[in-house]
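Visitor: I would like to learn how to read a protein model. Please start with how helices cross.

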Amino acid sequence: MTFRNLILSKPDSFEQVLLWALDMPTLGQAANTHFATAGLQSVCLVWGNASSDATQWQNSRQTELNFGLSSLQKSLILKARMRGDGAKTSTLHTVQTALLLTSNNFNWACLIFALPAKDVESLNSNELRTDFNNLALRCQSILQTEHFHRDIQRLAESERLQRSLFAISDLATSDQETHAVLSELHQIVNRLMYAENFFIARYDPVDETIRFIYFVDSVDWHTPNTQEKIDARSIPNSLTLAMMRNAKPVRGPSNEVRARLDLTQDSSLGPDSVDWLGVPMLDQGTVLGGVVVQSYFPEHRYSDKDQALLAYVAQHILSLLQRREAQENLERRVDERTLALQNEIVVRKRSEHLQQALFRIAEISQSNTTMDSFYSSIHKIVAELLHAKNFYIATLSDDGLFLDFAYSADEFDALENKRGIGHGLTEYVIRTAKPACLNRAEIDELARIGEVTITGTKSVSWLGVPLFIAGKVSGIIALQSYTQAHHYVQSDEELVSFVAVHIANALERRLGTENLRNAYSELEQRVQERTHELAQANNELRAQILVRERMEHKLKHENLHDALTGLPNRGNLLIQLAQALANYQMDTTAIFAVLFLDLDRFKVVNDSVGHFVGDELLKVAAQRISACVAPSDLVSRLGGDEFSILIRSSPYQAEIMAIADRVISAFDAPIRVQGKELFTSVSIGIAMVDGRYQSPEELLRDADVAMYRAKSKGRRRHEIFDEGLHKVALEALDLENDLRRAIPRNEFLPFYQAITHISDAKIVGYEALMRWQHPKRGLLLPCDFVDVAQETGNLEAMDWQIYEQVCIDLGSIAFAGRYVTVNVSPAHLRDRSFADRFLALMHQHQVEAHRIRLEVTEGVLLENPEQVAGCLALLKQHGVHTLLDDFGTGYSSLSYLHRFPLLGIKIDRAFVSALRDGEAGGSSAIVRAILLMADSLGLDVIAEGIETEAQCKHLRRLGLSLGQGFLFAKPACLNDVCAQHAFAEKPSLA
């Protein structure tokens, strides 16, 4: 079919309209037949689904109305030409009309015809309408035929898809190998769409592994092992893995798909394809695999229809794989169980056979047959259990000097009836009193080392078991094989050893009735003796049991009680809490409460007067707490200075709070230990049981949270846990987790506050202050997170992050003699490597020593003065100076001002904010004294927290030259500091 342009116009307006015409021989021939005599140059037929399109086409007077195929759903356009020569197309004027047709699915159609301008006037409209009607009927018939063809095509496609799904379903129950089934699956998909390059992957979301169970690719010859599970972390840029993790179909060229999924090209994962289509296999929203097809040729590309089809087929493939895996697992379990049952049957049959043999041995041992007949019967019984063609029984004489071969059967050698003790294998077993199962090599080795001497025909395998009578070796039962077809193994040795016991018992009964009588007599005597011994042993055992029960009771008590106070311990409390919680869950009226107690400032007592006194204090505390509760309540010590009370005596909150008040009041009186009066108080957290608690640990946790709230509110009080506390605890946990994630993300940054001359506000330096750029909560001050950072041990890492950023920023703000100070915590100066690490950081970023200074607090200098002094001295040797921060708030000792290498001091903001005009004493006197002391020691002085002009004037009158505070500048980030400097340095237009 071909597309051509056809110019049409209305006779009254002559407006040009551009349409597309489509040649179809069938309608073209019909048009020529009906209009050959009418002088028509061409005829065009247009139809579609939307009736609004027809109305728009008939009523439009736009200059260019595009009626392309894309605007007509299921449209078809026909153009038929006249036979013979007509007027030239370029000079053609046209007349158009429309005839509406109706059918089942098409709402409108248009007939368009064209003829030369000279024939317009002579056109017979009545004849033309008759011909139009005939052509309209013909067009309607062809329209319906076309509709039927399309319906048949859709039905054929549906039938083909249905047959494919049936075939997939049949494969699930076929007995073919899995690879053959997957190969047939490939062929089925290939019949539905282009799938020359096709693979199926199974994904395990639990252990993050992927396995390519089927893989066919015409370009990538690196075929993965279908049994190998690949760790997903080893292929982070895999398109297939990214598609399955995304849980959505992905389609497009490989490079576009990678860009869309934020992946990096990895040549080890195969070549790029022109078009790539992958769909996940989902089971109730969980991705369990994926199906992928790809094309390396531009003529084969995938459409939305292919994607929908592959997604539909992928789910059936997953069902097939799951059914086959379930069937294979079932078959494997059946095989394993069948094998186990078969082994069990073999063992049972062997046990039954052995049991029958033992019964027969017992029967013949009690019969009146001769000894020869007895030995022969034994031989037959053993021969039924294993290879015993060569078999003999030898007994040892009473004096142990001779061997009596009471019975023997051998293919090659005839044994003597009696011989002296020698050095053969028989004597070896008797000598060692152990069974021996030996092969030829082991026999030769024993001969080589002199353990045995070999005589007679050499056996391939030899088995000998000693016969124990009356507790000592009295003989041997032996079997041997001369052929490679029979070798004795460990199980044979165990079997013969088991049989030998019964043979020995039978021999013992048959070989001496008199001895047996004596044995009975001796046995009776031994029984009496043994009975007496057992009675004594029984009495001793009873005594031991009583001791053991007392020890067990003591151990159980020690395991569930605190060794120091004798109170129940944490384990005992959790057991009682679990029982109380279970009772409450069955009966909600069985209300109880948990009190968590902590002695305030107990560590101070321990550190000051010693642990022995602290232990005595804990004993007295336990007695006072126990005296405040009912006998049905449980007081326990959790560890350290923490106690707990399980209140079961009262269900009312007011009474529980009264108990807590009694406990608090019980510690008002001093505790006297070893002549010392000690004072302590107690903070209590209370958790009342309710329906949300599922474990005793949750109750104890909430009571602990409430106790910490009581401590934070001033100690010597109690607090009841509520949802607000729970929310605070969760927020603290979230903050701790965010804090741990913030360090590797470099979310901490320095803000710089200017240090200026008070007289002219000229900047001489900056103090670097830590800020946290939280991704959700915005910019946080140190007061929001420093306490949590100290508790979790992350503060040092955060400080080093600030130090490194300051070293990076110094080039932008430290010029014209300006410097930057950084705060150093006690934990840093406790580390002997701090100075070396700090100097290495400066060297790494090429920071000059005069551009950076340290700020330390008074408490830092007192913790370990020798180490701190050495560290600061080392830094000063390299040009790094130190300032003493918050001076006046601590000990303010003059001794460490000259003992430590300090450059200057910073007066705490508390003294600055307290300055008053006209006062002679107070803060003014303190600041004046600090200035005099600093001048005498040659130290710089900086005032902190200057916020008002009055404070600034007062400090100038006192003689202070340097300061910092909101009056001059607030802490700002690097960009703002640079912007402020640029504005300050900008020349005036005046």
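Guide: A crossing is left-handed if the near helix is turned anticlockwise from the far one by less than a right angle, and right-handed if clockwise. Helices (H or I, at least four residues) and strands (E, at least two) are DSSP runs, numbered from the N terminus. In this predicted model, the crossing of α13 and α17 is right-handed.

Visitor: At what angle do the axes of α13 and α17 cross?

Guide: Axes are lines fitted to C-alpha atoms, for helices over the stretch in contact, and angles run from 0 to 180 degrees between N-to-C directions. Those of α13 (residues 570–586) and α17 (residues 696–712) cross at roughly 110° and come within 8 Å. An angle of 65 to 115 degrees counts as roughly perpendicular. So α13 and α17 are roughly perpendicular to each other.

Visitor: Which residues of α13 and α17 meet?

Guide: Contact means heavy atoms within 4.5 Å. Among those in α13 are Leu573, Leu577 and Leu581; α17 brings Pro696, Glu697, Leu699 and Leu700.

Visitor: How do I read a sheet?

Guide: Strands of a sheet pair through backbone hydrogen bonds, either parallel or antiparallel. Two strands pair if DSSP finds at least two bridges between them. Here 5 strands form an open sheet, ordered β19-β20-β18-β23-β24, with mixed pairing. β19 and β24 stand at the edges with a single partner strand each, so one side of each has no neighbour in the sheet. β18 and β20 pair in the antiparallel sense over 6 bridges.

Note on methods
Residues are numbered from 1 along each chain as its sequence is written. This is a predicted model: local features need pLDDT of at least 70, side-chain atom pairs count only at pLDDT 80 or more; totals for chains, interfaces and linings use all residues. Side-chain values use heavy atoms; hydrogens and water are left out. Angles under 35 degrees count as roughly parallel, over 145 as roughly antiparallel, 65 to 115 as roughly perpendicular and the rest as oblique.
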